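Here's a quick briefing on two sets of contacts, one inside a chain and one between chains. Have a look at the model first, then read on.

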Amino acid sequence: MKNKNIDLSVKLGSLKLINPLMTASGTCGYADELDDFMDINLLGGFITKSITLKSRLGNDVPRIVETDSGMLNAIGLANIGVEKFVQEKIPIIERYKTPFFVNIAGETIDEYVAVAEKLTQCKRIAGLELNISCPNVKKGGITFGTDPALVRQITGEVKKVVKDKLLIVKLTPNVTDISAIARAAVDCGADALSLINTFTAMVIDIETKRPVLANRTGGLSGPAIKPIAVYLVNKVYNEVAKSAGVPLVAGGGIRTASDAIEFIIAGATAVTIGTGSFVSPDCAVKIIEGIKKYCLRHSITAVAELTGSLK
Amino acid sequence: MSTLPSKKGIFTASVLQNRGLGDKFFRLSLELEKKANTLFSSASAGQFVEIDVSQLALPTEKLIPEKLWDSSQRNVLLRRPFSFADIDSSNDCTIVEILYCVLGPATLRMKTLKTGDAVNLIGPLGNGFAIPEDKKSVILVAGGMGAPPLIHLAKVLKKQHQDMTITAFVGAKTKNDLAFFDIKTDKLKKKTDITLQEFAKHNIKTCISTDDGSAGFKGFVTESLKNRLGENKPAGEETIIYACGPEAMLSATAVLSSEFRIPCQVSLERRMACGIGLCQSCAVKCRDKTSGTLYKLCCKDGPVFWSDEVVWE
Ligand SMILES: Cc1cc2nc3c(=O)[nH]c(=O)nc-3n(C[C@H](O)[C@H](O)[C@H](O)COP(=O)(O)OP(=O)(O)OC[C@H]3O[C@@H](n4cnc5c(N)ncnc54)[C@H](O)[C@@H]3O)c2cc1C
Ligand SMILES: Cc1cc2nc3c(=O)[nH]c(=O)nc-3n(C[C@H](O)[C@H](O)[C@H](O)COP(=O)(O)O)c2cc1C
Ligand code: FES
């Protein structure tokens, strides 16, 4: 087949990404950690590690343990804090053309708002991803993401301060009805939804009868969660996102172009690579090439046509 | 260590040899693809690689030790870190040696590697041992599986700093656990009186200890080290200790380092999901001049640290 021009660009709200590939928060560092392996400018977007108002040390070790086709992590939102992020990392981010999204987290709504206000002043940041779904901190995080009333409140409060920046709300799968949470976020101004964060899980050392992770529990990610993630993305797409016209940034266990395409067919506009980067730090670039080939094979001229094409 | 982040890359390597040393220890020689030459020619002892073994098959059932049967059934997803035991980048090609111990699903799969097989690796990673110019005397402390980077370091020191006096303290549970070394026994001497060729060939004086007394001194390697330091009282400004092994051994070595005022670098191990600074899984609690403690990353800031910057638990 002729190498026709395929339009890989997708739209996240008002923002155009050159392709659907993004990094997942917490798995690709703050900005330049992947430089030795790929050209960050080839990515559709970059989502940073979660940033909080004050720096956080994070949990004791072990912070990770491998499981069958996956891993558990309990990093505990270790990060340098918003002040240092703005001072040290924004200048690095300015070197790239890629739209950068800063993932933000906190223990109180005021903290989220304070971090959002600070980051909104940075021109180079395209948007914020609201992490209301981290399973590894004692307060805040996931408790916000499991209660629709709190999701309304936090999305609404942050939306007031972010002005023209894109607001993505990241959902946890650790709920009975993910669509109820998605609806709450969309109603209160989320420009996009991202899903899914990790599943709360545990690994036990049977010799010591103790959990392996110092935090006892951790979040399961990687290929093991992919089919569940695809299902949840399709569910949120059908029940909330499609009718509201809100794009989904989706991931969970993506390693290959086929994985990414599954998510797009299920309803994703953009896809994120998390755990996959640990094994193949250059996999995003290969996935972009793979998506191109798939489009050629299926005579698709624009990848955006694929979103939600599930029969 | 706080040097600038070094450049790293993702490469394929072909297996030159994968030789068993005793029942659970192996030596793996890898020849890297040509484009790795520049990066690896400046790599240092103490640095490491992350090997992808997820594509490798398990050995046949007969060859899986009963103790590892359950864990062998687990899929391997993440890469595994291994220190350099040697790097040879002469003759326009890079040969990397790894000494590994079979402990679980990944290393069990590595056993099946055959000459000519391809493996994928990321490296060179982390910061290796720093070698201050003003040191005249070096003490190596290797415990159990911690020997590989010190075998590499000994070779580098002998080559680049001929005038340094090197003494090695090597400890293991039993004589069988010294299998990373090429062991020579002298017929005229006692069975417990052995020499380790990797050090002997460089004329490095070696003190061996085993927990059960099956070779050398009976007891911990750090006891043997303490006795020696007590007798010799080496000058702290001229001496440096390099240590790698179980964390308890490293923390005991750190205590001796401060007691005898001899600076000490330790190579630490952590569970690593990425090895390249993406995930923060490999935290090492360190002292911070201003605010008490902070976590550094074993894969990026380490794996070699000054023993007095680590907060030993
Ligand atoms: C910087 C670095 C350098 C290393 N160099 C060498 C080397 O030169 N030779 C060598 O044989 N091994 C080395 N290791 C250890 C090696 O990576 C592990 O033995 C290997 O990952 C085991 O994988 P597995 O799947 O076979 O076993 P697993 O089932 O993953 O592990 C076997 C056992 O070891 C424990 N374990 C595994 N990894 C770690 C860790 N990082 N820290 C503490 N406990 C752990 C597990 O809890 C389990 O009990 C190094 C590790 C690091 C971090
Ligand atoms: C080590 C690790 C750290 C993570 N840190 C964060 C984080 O700080 N904030 C966040 O919103 N998600 C975090 N995540 C979740 C990922 O962004 C992603 O949602 C999840 O891992 C599922 O995708 P994957 O299977 O592709 O990894 C983390 C995941 C891992 C594995
Ligand atoms: S192993 Fe991922 S940051 Fe060190």
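Let's start with one pair: the side chains of B:Lys155 and B:Asp86 meet in a salt bridge, at 3.0 Å from N to O. (A salt bridge here is a side-chain nitrogen of Lys or Arg within 4 Å of a carboxyl oxygen of Asp or Glu.) Keep in mind that this is a predicted model, where local features need pLDDT of at least 70 and side-chain atom pairs count only at pLDDT 80 or more, while totals for chains, interfaces and linings use all residues. Residues are numbered from 1 along each chain as its sequence is written, chains are lettered from A in the order in which they are written, and side-chain values use heavy atoms, with hydrogens and water left out.

**Inside chain B: domain 1 against domain 2**

- Chain B splits into domain 1 (2-125) and domain 2 (137-265), with bounds that come from an automatic or database domain assignment.
- The C-alpha centres of these two domains of chain B are 25 Å apart.
- On contact (heavy atoms within 4.5 Å), 17 residues of domain 1 of chain B meet twelve residues of domain 2 of chain B.
- The two domains of chain B bury about 1,200 Å² between them, and carbon and sulfur atoms give 68% of that; buried area is the accessible area (1.4 Å probe) that two parts lose on being put together, summed over both.
- B:Phe25, B:Ala45 and B:Leu99 supply 42% of the area that domain 1 of chain B buries against domain 2 of chain B, more than any other three residues.
- The rule finds three salt bridges across this domain interface of chain B.

**Between the chains: B against A**

- Chain B puts 32 residues into the contact, and chain A puts in 36 residues.
- About 2,700 Å² gets buried between chain B and chain A, with 58% of it on carbon and sulfur atoms.
- How many salt bridges are there between chain B and chain A? The count is four.
- B:Arg80 makes a salt bridge with A:Glu66, where the closest N and O atoms are 2.8 Å apart.
- Strands (DSSP runs of E, at least two residues, numbered from the N terminus) show up on the chain B side too: E1 (9-21), E16 (283-288) and E17 (292-297) of chain B each supply at least two residues of the side that touches chain A.
- E17(B) gives the most to that side of chain B, with three residues.

Notes
Helix = DSSP H or I, 4+ residues; strand = E, 2+ residues; numbered from the N terminus.
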